[in-house]
Amino acid sequence: MTPSESKVNELRKENKTLKKHNAELELQVKFLIGRLELKNEQLFKFRTETLNKTVDDFIKFKSDIMEQQTNA
């Protein structure tokens, strides 16, 4: 095998390894984007529920939070 052929084989192996690593990273990105979208939806729902609360419900909500903080 000539030096250039061995170099080509080495570069092919490296390319294959990098493609595999890239595919793993793409999968991780898709997973994290999915989690981020879910959390954004949950946060939007929480914010809209908070904005639509009556004054009495909001006061009760804040009181519950203050109570949890003092018990922690």
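For the count of charges, Lys and Arg are taken as positive and Asp and Glu as negative, while His and the chain ends are left out; each charge is placed at NZ of Lys, CZ of Arg, CG of Asp or CD of Glu. On this basis, the chain carries 14 positive and 12 negative charges, whose mean positions are 7 Å apart. The model is a predicted one, in which local features need pLDDT of at least 70 and side-chain atom pairs count only at pLDDT 80 or more, whereas totals for chains, interfaces and linings use all residues. Residues are numbered from 1 along each chain as its sequence is written, and side-chain values use heavy atoms, with hydrogens and water left out.

The chain contains 2 helices and 0 strands, where helices (H or I, at least four residues) and strands (E, at least two) are DSSP runs numbered from the N terminus. Its radius of gyration, taken over C-alpha atoms, is 27 Å, whereas a compact globule of 72 residues would have a value near 11 Å by the rule of 2.2 Å times the number of residues to the power 0.38. Along the principal axes, the C-alpha atoms fill a box of roughly 80 × 30 × 10 Å. Of the 72 residues, 0% are buried, a class defined by a relative accessible area under 20%, with exposed meaning over 50% and partly exposed in between (1.4 Å probe, protein chains only).

The structure holds 1 aromatic pair, a term for rings of Phe, Tyr and Trp (its six-membered ring) whose centres lie within 6.5 Å, with planes under 30 degrees apart called stacked, over 60 edge-to-face and the rest tilted. Phe46 and Phe61 form this tilted pair, at 6.1 Å centre to centre and with 55 degrees between the planes. The pair links distant parts of the chain, since Phe46 belongs to helix H1 (residues 3-51) and Phe61, 15 residues apart from it, to helix H2 (residues 55-71). Phe46 is partly exposed at 41% relative accessibility, and Phe61 is also partly exposed, at 22%. Lys53 lies over the face of Phe61, 3.6 Å from the ring centre, the criterion being NZ of Lys or CZ of Arg within 6 Å of that centre and within 35 degrees of the ring normal.

Helix H1 also includes Leu38, which is partly exposed at 45%. Between the C-alpha atoms of Leu38 and His21, 17 residues apart in sequence, the distance is 26 Å.
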